[in-house]
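Hi there,

Here is the structure I said I would pass on to you. Have a look at it first, and then read my notes below.

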Amino acid sequence: MPILIRGETGTGKEQLARHAHAASGRTGAFVPVNCAALPDSLIEAELFGYAEGAFTGARRGGAPGLVQEADGGTLFLDEIGDMPIALQAVLLRLIDDWTVRPVGGARKRVDVFLVSATNAGLEDAVAQGRFRSDLLYRLNTVEVTLPRLRDRADFESIVRHLIDGIDPRCNVGAQTIASLAARSWPGNIRELRNILARIALACGDEPGSATIADLIGQTPPTKLGSLQDMQLASILAVHAETAGNVSETARRLGVSRNTVYRALGQTAPR
């Protein structure tokens, strides 16, 4: 049944969606879709695919579309509150019978686990006519709201989990954690992860204890000033955010997989 995940930016909505996919035991792919980025003119082709020759510029042999890519797996619709009205009607039709019809092709049934996420107030969007109420009722069969980082009671566990994923050699002391916990964290866990990535660089090749100044960037070490170091910090943060997925890290940052492997001190598989 569909799951709707609510929460502010950076609270870990995609991480929870990936966990739901893993817990489901499905063998198909986890296919993330940024609803706000889908062009109106190509909505049906992007979601449902198209047959060869369906329109000018169509790829030879056609394309399966995002929904068929998720067949047997999970379709994750991120930022669903920004979904264009035209796409909402298309999605509602899909949920009705789980049948896709590629542009210029034949109908096909699919088996898809649907997970959506939003940081917007969908009820307000419905009242303003920007979101369909019938679609909301279909999407929130199971609803989960992720708390803001500053409202959570497990801050220390989060810090230790994140730093272990970035560089387990770094030690963040209890006093530093207490100081960090007092901050407001408007960027939530994503902001915390990026700051901890900076301390992973500050630790260098030797294990050590991070200071609060190192973590929040008040007195950043001079060795973090180069563009190369800034890129490395970004790669470490996104690599941890994607649960170690090198391909997804490269896609989000717009770099090659070899660049990610080099930053991690690994050799790309042949």
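Where pLDDT is low, the predicted coordinates should not be read in detail. For the protein chain, the mean pLDDT is 81, and 81% of the residues reach 70 or more.

Two notes on how to read this. It's a predicted model, with local features needing pLDDT of at least 70 and side-chain atom pairs counting only at pLDDT 80 or more, while totals for chains, interfaces and linings use all residues. Residues are numbered from 1 along each chain as its sequence is written, and side-chain values use heavy atoms, with hydrogens and water left out.

Now the sheet. Helices (H or I, at least four residues) and strands (E, at least two) are DSSP runs, numbered from the N terminus. Five strands make an open, parallel sheet in the order E2-E3-E6-E1-E7; two strands pair if DSSP finds at least two bridges between them. E2 (30–34) and E7 (142–145) are at the edges with a single partner strand each, so one side of each has no neighbour in the sheet. From one strand to the next, the twist averages 20°. E1 (residues 3–6) pairs with E7 in the parallel sense over four bridges, and Ile5 has Val144 as its bridge partner in E7.

Helix H1 (residues 13–24) lies across E1, E2, E3 (74–78), E6 (113–118) and E7, and runs at about 165° to E6. Axes here are lines fitted to C-alpha atoms, for helices over the stretch in contact, and angles run from 0 to 180 degrees between N-to-C directions.

Most residues other than glycine have a negative phi. Trp185, in the loop between H8 (174–181) and H9 (188–203), has a positive phi near 50°. Asn188, in H9, has a positive phi near 55°. Are they buried or exposed? Buried means under 20% relative accessible area, exposed over 50%, and partly exposed in between (1.4 Å probe, protein chains only). Trp185 counts as buried because its relative accessibility is 1%, and Asn188 does so at 0%. Other buried residues of H9 include Ile189, Leu192 and Arg193.

Cheers!

Methods:
Contact means heavy atoms within 4.5 Å. pLDDT is the predictor's confidence in each residue, from 0 to 100.
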